[in-house]
Amino acid sequence: MEKVNLDDAFASFTEQWDPRIAGELNGQAVKVAKVEGEFVWHQHEDADELFLVRNGELRIQLRNQPDIVLQEGEFVIVPRGVEHQPVAETEAEIILFEPSDTSNTGDVEAEQTQTEQKRIE
C-alpha cells in the first residue's frame with residue numbers, strides 16, 4: 001500500500017488532457033489530469049466515467065441536454081453510452097474514476113487519444 005499525495009501527483013506533470021494513473025482498485029483506475037480548453041466529443045460504450053473537480057471548474061457538454069458545470073469539490077458520473085465533451089475555460093485539475101482499460105477518447109480516434117496509459121511518477 002502506498003499513499004498518494006494529490007499535490008505531488010498534479011505537480012509531477014504539466015501536459016493538458018493527458019491523464020495519469022494514480023492508483024487502481026477492483027479493475028478501476030483513479031486518474032489525475034490537468035485540463036484546459038475543449039476535449040473531443042466522445043462516449044464510452046461499456047464504461048461509466050466519474051469526473052471530480054479538485055481545482056477550477058469543468059463543464060460537461062451533453063448532446064440535447066443542458067451542460068453540467070462542476071465546481072471544486074463536485075463530481076458527476078457520465079453513464080456509459082452518453083456522448084459528452086469536457087471543457088475547461090481555464091486550467092482545472094480533475095480526478096477520473098473509470099475501468100483501467102478505458103480509452104480517454106472512448107469511441108473516437110483523435111489527436112488527443114492516448115495509446116498507452118501513463119502513471120504518476
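**Terms and the values behind them**

Modeller: Phe10 and Phe13 are both buried. This is a predicted model, in which local features need pLDDT of at least 70 and side-chain atom pairs count only at pLDDT 80 or more, while totals for chains, interfaces and linings use all residues. Residues are numbered from 1 along each chain as its sequence is written, and side-chain values use heavy atoms, with hydrogens and water left out.

Biologist: Why is Trp17 called buried?

Modeller: Buried means under 20% relative accessible area, exposed over 50% and partly exposed in between, with a 1.4 Å probe and protein chains only. Trp17 has 10% relative accessibility, so it counts as buried. Asn64, at 85%, therefore counts as exposed.

Biologist: How many aromatic pairs does a search of the whole structure find?

Modeller: The search finds 2 aromatic pairs. In one of them, Phe10 and Phe13 are 6.4 Å apart centre to centre, with 35 degrees between the planes. Rings of Phe, Tyr and Trp (its six-membered ring) pair if their centres lie within 6.5 Å; planes under 30 degrees apart count as stacked, over 60 as edge-to-face and the rest as tilted. The pair of Phe10 and Phe13 is accordingly tilted.

Biologist: What makes the pair of Trp17 and Phe39 stacked?

Modeller: The ring centres of Trp17 and Phe39 are 4.9 Å apart and their planes lie at 25 degrees, so this pair is stacked. Trp17 is in the loop between α1 (6-11) and β1 (20-25), and Phe39 in the loop between β2 (28-38) and β3 (49-55), so the pair ties together parts 22 residues apart in sequence. Helices (H or I, at least four residues) and strands (E, at least two) are DSSP runs, numbered from the N terminus.

Biologist: How do you know that the charged end of Arg63 sits over the ring of Trp41?

Modeller: A charge sits over a ring if NZ of Lys or CZ of Arg is within 6 Å of the ring centre and within 35 degrees of the ring normal. The charged end of Arg63 is 3.9 Å from the centre of the Trp41 ring. Lys34 lies over the face of Phe13, at 5.4 Å from the ring centre.

Biologist: What joins β4 to β5?

Modeller: Two strands pair if DSSP finds at least two bridges between them. Here 4 bridges join β4 to β5, and the strands run antiparallel. Their hairpin has 2 residues between the strands, and Asn64 takes a positive phi near 60 degrees there. Leu62 stands opposite Gln65 in β5.
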